[in-house]
Amino acid sequence: MPEEEHNKMMGQFQEKVFELGLTMKCNNGVYGIYMDGMRVYSLNKRTYKYNKHFYAKQTTDDRIELLEIVLYNYFGPGGKGSSLINPKKAGD
């Protein structure tokens, strides 16, 4: 994907993440997505592989499910090795 297109898509994705009250930090090409200071997902900048982290598996916060919908809508099932996420739609 061309860099300009990538930057636009990531900007839109980041806005959605912020709307959920989550934060993002990029370190060495991997975005960490945080809820209440705890990393819930990581997203590889180049492969779009994303993975759920331990804290996200332990919490019942609805924002995790909403984040999974956003991740799926932007990156599909993710790159090879991504967490398995069933296609979800708002309202399910």
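Y74 is partly exposed, with a relative accessible area of 24%. In this predicted model, Y74 belongs to a cluster in which ring pairs also link F13, Y48 and F75.

**Aromatic rings**

- Across the whole structure, a search finds five aromatic pairs.
- F13 and F75 form one of these pairs, with an edge-to-face arrangement: the planes stand 70 degrees from each other and the separation is 5.1 Å centre to centre.
- The pair joins distant parts of the chain, since F13 lies in helix α1 and F75 in helix α3, 62 residues apart.
- F13 is buried, because its relative accessible area of 0% falls under the 20% cut-off.
- F75 is likewise classed as buried, with a relative accessible area of 10%.
- Y74 and F75 form a tilted aromatic pair, at 6.1 Å centre to centre and with 45 degrees between the planes.

**Nonpolar core**

- The largest nonpolar core comprises 21 residues, and M10, F13, I33, L67 and F75 are those with the most contacts inside it.
- At least two residues of this core come from each of α1 (3-19), β2 (30-35), β3 (38-44) and α3 (62-75).
- The element that gives the most to the core is α3, with five residues.
- Leaving aside residues up to four places away in sequence, F13 touches M24, I33, L43, V70, L71, Y74 and F75.

**Helix α3**

- The 14 residues of α3 should span 20 Å at 1.5 Å a residue, and this agrees with its end C-alpha atoms, which are 20 Å apart.
- At the N-terminal end, α3 is capped by D61, whose side-chain oxygen lies 2.8 Å from the backbone nitrogen of R63.
- R63 is itself among the buried residues of α3, together with I64, L67, E68, I69, V70, L71 and F75.
- Just after α3, G76 adopts a positive phi of about 65 degrees.

Terms used
Residues numbered from 1 in each chain as written. Predicted model: local features only at pLDDT ≥ 70, side-chain atom pairs only at ≥ 80, totals over all residues. Heavy atoms only, no water. Core = buried A, V, L, I, M, F, W, Y, C linked by side-chain atoms within 4.5 Å. Buried < 20%, exposed > 50% of the residue type's maximum accessible area, 1.4 Å probe, protein only. Helix = DSSP H or I, 4+ residues; strand = E, 2+ residues; numbered from the N terminus. Contact = heavy atoms within 4.5 Å. Expected span 1.5 Å × (residues − 1). Polar contact = N/O pair within 3.5 Å; in protein donor to acceptor, adjacent residues only side chain to side chain. Phe/Tyr/Trp six-rings, centres within 6.5 Å; stacked < 30°, edge-to-face > 60°.
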